[in-house]
Amino acid sequence: MKRLLAPVLALLLLATLAAVPAEGARTRFFVDEESLPFEALEGFEDSQRLWGVDQNAGYRIEVPADWNGDLVLWTHGYRGEGDRLFLNENEVPLRQWLVENGYAWAASTYSENSYSVGNAVSDTRRLGSVFRNLIDRPNQVFITGASMGGHIAAASIERHPEYYDGAMPVCGVLGDFELFDYFLDFAMAAQQLGLGQSQFPAGDDFLTVQTPAIKANLEGVPGGWPFVLNENGEALKQLVELRSGGDRPNFDEAWAFWNSTDFLFTLGVGDGTVGSGTKVVLDNRDVYYETDLIPGPSNPIEEALNEDITRVAPDRQARRLSRGAPSVALRGNITVPVLAMHNLGDLFVPYHNEIVYAEKVADQGRSDLLVQRAIRGVNHCGFSAAEYEQGISDLINWVETGVKPAGDIVTDPAVVASADYGCQFTDQSEGAHIFATPCPEG
């Protein structure tokens, strides 16, 4: 069973996956209860730690002895298509800060795997009820999560606005279907520029035969990929930059990092469906693929690319906004403060997601409730402890005092392209980020 995401996310997140069931078979998800118990943090042995299973979703809850009455819910990212539901040993990156500052936290395995955002939204809200029944009703509830978990956090405050007081989606799939279109963009453009033709789906030999040929045809000298590129190779590189978030610092390092393996090419593997859905959700019918910074037709390579590249249309109702959609579409109608962070060099869930989200929120007239921060780094969800802690503390202070924290402008291409973009909120201490473009001195 081909799926758009399974081979991609498994490589990146190193998830432990069981065999994918045959087409048409129903996966019987089970909670690995041995993964639920967790030890106390040093110095906080008096915290109350609970774990268990509720409606086929495993959970962890921790309440510090000096609990301040607030709860933070953590939403984890994609964990494959297998049937094992589990929590990692160090599941919550903010745990130390939360316990030290008196916040209770809770996390769920969700009741199923796959890219099932709607299900995870319901499971996470239900976890809040479990907390209330076992501990107490919290004064305030915050939600934060990474990658697909960021999508879940953003969708949760739209679906249950009455329950949450603030959200911090990090490296989140905030462009929902736009992310999957980006996967399509790379696969089709790489084929068209590297092979002179493109097809969808890319074919069973995409990784084994087509990918080596594409790289060989796009490099400037034998073995030069991805550093020494010919004219078509440079066109692909520029196209990826523009489709992933625009001209910006840290992209050259990101291009080299993500192309040190064939990871970006794995984005082209799949049949265009998401998770357990059966409908193709991809759409590039109206995309004009730019290969330079000049808007519109500007060079023969670009013009030929746009004339010849394969166009893909989604199946009917595949991108509908209903709850039964294969991926939950975000409307941007937020009613509580949202602070989002994203790495500029993330080419898996690229910075473009922040631009799409900012535009949706602006369309709803809710930009006063959104703060976004650009971080100079190339990893997917690679944030330092200081960046996580500054983000959550600023969000909580915003909710409690009404004072909106500072952020970055994401929708002005000139601002994003400036040499110092992303410097204000990036942890620039040694070892915080690999391959991060140094900020200008002074």
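Two strands pair if DSSP finds at least two bridges between them. Helices (H or I, at least four residues) and strands (E, at least two) are DSSP runs, numbered from the N terminus.

This is a predicted model: local features need pLDDT of at least 70, side-chain atom pairs count only at pLDDT 80 or more, and totals for chains, interfaces and linings use all residues. Residues count from 1 along each chain as its sequence is written, and side-chain values use heavy atoms, without hydrogens and water.

**Stop 1: strand 4**

Select residues 71–75. Strand 4 pairs with strand 7 (residues 141–146) in the parallel sense, over 5 bridges. Find Leu73; its bridge partner in strand 7 is Ile143.

Next, show the side chains of strand 4. Leu71, Leu73 and Thr75 point one way, Val72 and Trp74 the other. In a regular strand, side chains alternate between the two faces of the sheet.

**Stop 2: helices 7 and 8**

Select residues 231–244 and 251–258. Helix 7 and helix 8 pack at about 110 degrees, axes 11 Å apart. Axes are lines fitted to C-alpha atoms over the stretch in contact, and angles run from 0 to 180 degrees between N-to-C directions. The two helices are therefore roughly perpendicular (65 to 115 degrees).

Show the contact residues (heavy atoms within 4.5 Å). Leu236, Lys237, Val240, Glu241 and Ser244 of helix 7 meet Phe251, Asp252 and Trp255 of helix 8.

Key:
Buried means under 20% relative accessible area, exposed over 50%, partly exposed in between (1.4 Å probe, protein chains only). Angles under 35 degrees count as roughly parallel, over 145 as roughly antiparallel, 65 to 115 as roughly perpendicular and the rest as oblique.
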